[in-house]
Amino acid sequence: MRVLDLFTESINSNCNLRAQPCSSRADFQAGRCNTCDAGCANMGYNSNSQQPPNGTYYLSTNGKSPYCKGCMAKLARSLLPWLNDSSC
């Protein structure tokens with residue numbers, strides 16, 4: 001089951017599975033919800049001990065391991081400092 005793979009990776013990886021608040025899947029897929037101004041939620045083993053506000057959260061993953069996309073965003077920001085991606 002994929003959920004077990006995601007949870008296992010959340011234990012064995014330094015990459016956070018971070019879900020972003022968004023009002024709809026369509027808005028999330030269109031890139032309209034790429035900030036954590038309202039508070040993001042870490043998923044899996046590193047889930048927040050302090051719960052973010054109630055709401056709907058979306059998480060984008062890779063199709064296969066490594067599932068976490070956050071590490072690539074951090075790498076991109078380190079290589080391209082002008083990249084304004086606050087998803088991680």
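A residue counts as buried here when its relative accessible area is under 20%. With that cut-off, buried residues make up 26% of the 88 residues in the protein chain. Keep in mind that this is a predicted model. Here's a quick tour, from the whole chain down to a couple of local spots.

**Overall layout**
- The protein chain has 3 helices and 3 strands.
- Reading from the N terminus, the order of those elements is α-β-α-β-β-α.

**Contacts and surface**
- Take the contacts in the protein chain with a separation of 6 or more: 54% of them are between residues 24 or more positions apart.

**Around Q29**
- You'll find Q29 in helix α2, which covers residues 25-29.
- Q29 has a relative accessible area of 55%, and since the cut-off for exposed is over 50%, Q29 is classed as exposed.
- Q29 and S60 sit 31 residues apart in sequence, while their C-alpha atoms are 8.9 Å apart in space.

**The cis bond at P66**
- Most peptide bonds are trans.
- The one joining S65 and P66 is cis, though, with omega at about 0 degrees.
- P66 itself belongs to the loop that runs between β3 (57-58) and α3 (70-79).

Definitions and conventions. Residues numbered from 1 in each chain as written. Predicted model: local features only at pLDDT ≥ 70, side-chain atom pairs only at ≥ 80, totals over all residues. Heavy atoms only, no water. Helix = DSSP H or I, 4+ residues; strand = E, 2+ residues; numbered from the N terminus. Buried < 20%, exposed > 50% of the residue type's maximum accessible area, 1.4 Å probe, protein only. Contact = heavy atoms within 4.5 Å.
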